[in-house]
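Please read these notes beside the sequence and the 3D view. They are numbered so that each can be checked in turn.

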Amino acid sequence: MALLPILKFPDPRLRKKASPVQSVDESTRRLAADMAETMYAAPGIGLAATQVDVHKQVIVIDVSEDKTGLITLINPRIVERDGEQVYEEGCLSVPGIYEKVTRSEHIRVITLSLDGAEHEIEAHGLLAVCIQHEMDHLQGKVFVDHLSQLKQSRIKNRIAKQARESA
Ligand code: K1U
Ligand code: ZN
């Protein structure tokens with residue numbers, strides 16, 4: 001297994017759209033294992049392949065408290081959504097920034113798992129937030145895109161300042 005470097009906002013590679021996985025094979029399973037190791041090491045509760053500069057529709061998530069709830073989503077699609085929730089989100093590609101985002105409270109997702117079989121996942125609360133956040137990454141979208149223009153420009157200024165200070 002390997003730790004993968006995580007792209008940092010505003011890297012333009014975070015804007016690429018991920019392609020569907022054509023066949024779930026050993027290379028997909030290795031990518032998912034490396035992503036899980038990278039997510040746990042960060043530490044985080046989710047990671048999309050886009051964030052490690054691999055533009056395939058692969059996501060890992062673990063919202064459990066004891067790292068026993070790893071799930072891998074391949075080519076996920078949301079087939080039902082309802083309700084609204086507001087959660088203060090973070091992102092490993094936008095370190096140090098936490099902002100409230102409104103998303104669906106409940107979603108139903110059809111996805112492939114690591115054995116290539118199709119599964120349905122019903123998600124509420126934090127798991128639903130995390131799946132929607134990671135699926136945005138696969139579309140080239142970052143959570144700050146949900147914020148007002150004013151908040152986005154403040155965040156860009158803060159990140160530019162952090163980069164100047166660490167240079
Ligand atoms: O996509 C990512 O960059 C991962 C991101 C997922 C996420 C967090 C919160 C709301 C929506 C999506 C993170 O994991 S940020 C780090 C984080 O939330 C966390 C880190 C350590 C312990 C618990 C949470
Ligand atoms: Zn993120």
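Which residues coordinate the zinc ion (ligand 2)?

1. Zinc site. Cys-91 (SG), His-133 (NE2) and His-137 (NE2) coordinate the zinc ion (ligand 2), at 2.1 to 2.3 Å. Donors here are N, O and S atoms within 2.8 Å of the metal (3.2 Å for Na, K and Ca), and water is not among the atoms, so sites may look incomplete. The spacing of the donor residues in sequence is C-x41-H-x3-H. Cys-91 is in the loop between strand E4 (85-89) and strand E5 (99-103), while His-137 is in helix H2 (residues 125-138), so this pair ties together parts 46 residues apart in sequence.

2. Basis of the notes. This is a predicted model, in which local features need pLDDT of at least 70 and side-chain atom pairs count only at pLDDT 80 or more, while totals for chains, interfaces and linings use all residues; side-chain values use heavy atoms, with hydrogens and water left out. Residues are numbered from 1 along each chain as its sequence is written, and chains are lettered from A and ligands numbered from 1 in the order in which they are written. Helices (H or I, at least four residues) and strands (E, at least two) are DSSP runs, numbered from the N terminus.

3. Cys-91 and His-137 are both buried; buried means under 20% relative accessible area, exposed over 50%, and partly exposed in between (1.4 Å probe, protein chains only). His-133 belongs to helix H2 and is buried too, at a relative accessible area of 7%. Its side chain forms a polar contact of 2.8 Å with the side chain of Glu-89. A polar contact is a pair of N or O atoms within 3.5 Å; within protein, one must be able to donate a hydrogen and the other to accept it, and residues adjacent in sequence count only if both atoms are side-chain atoms. With neighbours within four places in sequence set aside, the contacts of His-133 (heavy atoms within 4.5 Å) are Glu-89, Gly-90, Cys-91, Arg-103 and Phe-143.

4. Overall fold. The protein chain has three helices and seven strands, in the order α-β-β-β-β-β-β-β-α-α from the N terminus. Its radius of gyration is 16 Å, close to the 15 Å that the globule rule gives for 167 residues, so the chain is as compact as a globular protein of that length. That radius is taken over C-alpha atoms, and the rule is 2.2 Å times the number of residues to the power 0.38. Along the principal axes, the C-alpha atoms fill a box of roughly 45 × 40 × 30 Å. Of the 167 residues, 44% count as buried. Among contacts with a separation of 6 or more, 64% are between residues 24 or more positions apart.

5. Strand pairing. Two strands pair if DSSP finds at least two bridges between them. Strand E3 (residues 71-82) pairs in the antiparallel sense with strand E2 (residues 58-61) over four bridges, and Ile-59 has Leu-73 as its bridge partner in E3. E3 also pairs in the antiparallel sense with strand E6 (residues 106-112), over six bridges; here His-106 in E6 is the bridge partner of Asp-82. E6 in turn pairs with strand E7 (residues 118-124), again antiparallel, over seven bridges. The hairpin of E6 and E7 has five residues between the strands, and Gly-116 there takes a positive phi near 85°.

6. Helix H1. Thr-28 is in helix H1 (residues 26-41) and is buried, with a relative accessible area of 6%. The side chains of Thr-28 and Asp-25 make a polar contact (3.0 Å). Not counting residues up to four places away in sequence, Thr-28 touches Val-21, Ser-23, Val-58 and Ile-74.

7. Backbone points to check. Most residues other than glycine have a negative phi, and most peptide bonds are trans. The bond joining Phe-9 and Pro-10 is cis, with omega about 10°, and the one from Ala-42 to Pro-43 is cis with omega near 0°. Asp-53, in the loop between E1 and E2, has a positive phi near 65° and is partly exposed at 32% relative accessible area. Lys-67, in the loop between E2 and E3, has a positive phi near 60° and counts as exposed at 57% relative accessibility.
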